[in-house]
Amino acid sequence: MKPDAFERIYPSSGEEYSKPSALLIVRMVLAALLLVGSYFVKFSDDITLAVLIAAALIAGYDIIIQAVKDSLKREFLRENLLVAVAAIISFAIGRRQEGIAALLLLQTVYVVRDYALFNSRKTIADIIEPN
């Protein structure tokens, strides 16, 4: 498969789609384990809060960074900003697990989307230019 086949089928629209990285999947699994662990294992409130903050940052630091970038470009109704605000508000009102779950769900959506787009583009490129 030649790289120029991708450009002819799907010209770049500013977004890059590739296979989801192993690091992202490891981050998601680690955040999910911290979330589940904080739910079932009883620690002091301070330790539980620290574990939940760590899980939120592991799960969604890139979402929060993109939300800040979107708001600096005055794009306020993007999914990154909405989920980041929802996660922050859920932490503020004491529903911390739901905020982390929202970040994990958005990451899951991104992984599935990227994987599906990568595979479909690869298949189309293989059909157009077989080896």
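Predicted model: local features only at pLDDT ≥ 70, side-chain atom pairs only at ≥ 80, totals over all residues.
Reader: Why is Tyr39 called exposed?

Author: A residue is buried under 20% relative accessible area, exposed over 50%, and partly exposed in between, with a 1.4 Å probe and protein chains only. Tyr39, which lies in helix H2, has a relative accessible area of 52%, and therefore counts as exposed.

Reader: Why is Gln97 called partly exposed?

Author: Gln97, found in helix H5, has a relative accessible area of 26%, which falls in the range between the two cut-offs, so Gln97 is partly exposed. Not counting residues up to four places away in sequence, Gln97 touches Leu35, Ser38, Tyr39 and Leu52, where contact means heavy atoms within 4.5 Å.

Reader: What makes Arg27 and Asp62 a salt bridge?

Author: A salt bridge is a side-chain nitrogen of Lys or Arg within 4 Å of a carboxyl oxygen of Asp or Glu. The side chains of Arg27 and Asp62 have an N to O distance of 3.0 Å, so the pair meets the rule. Arg27 lies in helix H2 and Asp62 in helix H3, so the pair ties together parts that are 35 residues apart in sequence. At 12% relative accessibility Arg27 counts as buried, whereas Asp62, at 29%, counts as partly exposed.

Reader: Which other pairs form salt bridges, and how many are there by this rule?

Author: The count comes to four; among them are Arg95 with Glu98, whose closest N and O atoms are 2.8 Å apart, and Arg113 with Asp114, at 3.2 Å from N to O.

Reader: Why is Asp70 said to have no salt bridge?

Author: Asp70, in helix H3, is buried, and the nearest side chain of opposite charge, Lys73, is 4.2 Å away. Lys and Arg count as positive and Asp and Glu as negative, with His and the chain ends not counted.

Reader: What makes a set of residues a nonpolar core?

Author: A nonpolar core is a set of buried Ala, Val, Leu, Ile, Met, Phe, Trp, Tyr and Cys residues joined through side-chain atoms within 4.5 Å. The largest one here has 18 residues, and those with the most contacts inside it are Ile100, Leu103 and Leu104. Helices H2, H3, H4 and H5 each supply at least two residues of this core, and H5 gives the most, with six residues. Leaving aside its neighbours within four places in sequence, Leu104 is in contact with Met28, Ala31, Ala32, Leu35 and Ala59.

Technical notes:
Residues numbered from 1 in each chain as written. Heavy atoms only, no water. Helix = DSSP H or I, 4+ residues; strand = E, 2+ residues; numbered from the N terminus.
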